[in-house]
Structure formats: C-alpha cells, structure tokens
Amino acid sequence: MAEKERVTLVIFSGELDKALAAFNIAIGAASMGMEVSMFFTFWGLNVIKRNEGSIKSKGIMRKMLNRMNRGGAKRLPLSKFQMLGLGKWMIGRLMRDIKSPPLEELIAMAKGMGVKFTACTTSMGMMGIGKEAFIPEVDSFAGVATYLAEAKGGKVNLFI
Amino acid sequence: MKADATLDCIGLYCPMPIAQTANKLKELEIGQVLEILADDEGIKEDMPAWCSTTGNELLGIDEEAGQYKVYVKKSK
C-alpha cells in the first residue's frame, strides 16, 4: 500500500476560534485516512496546556507571563468579540446548539484518531515552562527541524 | 437503495459526519453499503471528496426536504 498522505498544521495562535478550525481540519484529514501532525508553538502552546493546577516557572518576568498567559483548552479567548468572556460564552452556546463538541473533546477525538501533537521546545524555553505544563496527549517535544522534516513530505501544510 | 447499516448524522455539522462515517465503515465488510442520514448541506460536496480520497465508492445522494441520504459502498 502507498504511504499515507501527510498533513501538518502549525498552531501558532492561542485563541479558541482558531484552535477549533485547526482541530476540525485535523479530524477531517484523519477521517480521510491522512496522517496528521500538529505542531504547537508560541501562543499555540496554550491550546495544549493542562486546565488544572498552576504553571510553574522561574524568574519574575516568566512568572508574570505565565500568570497572564495561563492557557488550557478551556481558558482560550476568542480572536474577536471576546467581550470579557461574554462573546466566548455566546459562541459556546451556539456551538452546543449545533451539537459541535467543545475544544477539549475535539482534542481527545483527534488524539483517538492518531493525530500527533508536538510542542515547540524553543517557545517552552523562552516562556520557562516544562513538560508538566501540558496535557498527556502531547507525543513529543521538538523543534523546527522536526516540523520541516514532516512538512517536506506533507501534501497540506498550514500555519494557523 | 438497500443498505447494510445506517448512520444518523442529523443535526451534526462538519467534520462530524465524515469522521463518523470513517469510523462506522470500519465495522462493515468490503462490498457492504452504509447509509448516512444528514441535514448539513455541506455533505453534498464533502462526501464525494471523502470517498474519492479514501477510495470508497459513493453510490448516490438522495435529497428530500433538506435531508440527505448518502450511500457509500466500502471498497477497501
């Protein structure tokens, strides 16, 4: 059998709406029998942070950053019309209305379909966060060479 | 059209109908037909695209009053 077609997604943004779009594409691609890798970098790391507990880091600037930039699938703001949480609440209601699963469920579903999650170690180093900050679904911690090696053979490569 | 199994995707939007189709088809044998019920119009374009990518055969789409019956034959 021919090698599977590959899809790579770079998740740079830490916003709920963009993450939803990314996971829809990932789940769609996995449903079509494609091999999917998602690379989470910079603000995108927020998508795969644990929802529970605090994020530990060292130094005043990193501590401040991680307090203001806590992340976690349940905490992501919208890129537009956040309105101090009112917009996000409304989008949540509308999504339930069309039986669209919340982001946490999409993450679990993607994982169940074999989608691979990689966290960018450079962003982790800059932000001062360790592996324990992330959900257990994350498969690997790596850098741009890993991404490019996969993207080189990818039929669809997106930056979100 | 006669089907070996039915999948109810009424009320579901992309990508759930194709994700569930992919999942359900695993339970069928090659040559068997799956009937998918859906009401998101996107299915009219998405299911042919899903079938041509995955190598399964789209036997037809019946549309009636905003609901779609899609027939997919498991081919591999």
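This is a predicted model: local features need pLDDT of at least 70, side-chain atom pairs count only at pLDDT 80 or more; totals for chains, interfaces and linings use all residues.

Trainee: What makes the radius of gyration of chain A agree with that of a compact globule?

Mentor: For 160 residues, a compact globule would have a radius of gyration near 15 Å. Chain A has 16 Å, which agrees. Its C-alpha atoms fill a box of roughly 50 × 40 × 25 Å along the principal axes, and buried residues make up 32% of the chain.

Trainee: Why is the crossover from β1(B) to β2(B) called right-handed?

Mentor: The term applies because, with the strands pointing away from the viewer, the path from the first strand over the helix to the second runs clockwise. The chain passes from β1(B) through α1(B) to β2(B), and this β-α-β crossover is right-handed.

Trainee: What makes β2(B) and β4(B) a pair, and in which sense do they run?

Mentor: Six bridges join β2(B) to β4(B), and the two run antiparallel. At least two are needed, so these strands also pair. The bridge partner of B:Ala38 in β4(B) is B:Tyr68.

Trainee: Which residues of chain B touch chain A, by class?

Mentor: Eleven residues of chain B are in contact with nine of chain A. The chain B side divides into eight nonpolar, three polar and no charged residues.

Technical notes:
Residues are numbered from 1 along each chain as its sequence is written. Chains are lettered from A and ligands numbered from 1 in the order in which they are written. Two residues are in contact if their C-beta atoms, placed from the backbone, lie within 7 Å. Ala, Val, Leu, Ile, Met, Phe, Trp, Tyr, Cys and Pro count as nonpolar, Asp, Glu, Lys and Arg as charged, and the others, Gly among them, as polar. The radius of gyration is taken over C-alpha atoms; the globule rule is 2.2 Å times the number of residues to the power 0.38. A residue is buried if 20 or more other C-beta atoms lie within 10 Å of its own, exposed if 12 or fewer, and partly exposed in between; C-beta atoms are placed from the backbone. Helices (H or I, at least four residues) and strands (E, at least two) are DSSP runs, numbered from the N terminus.
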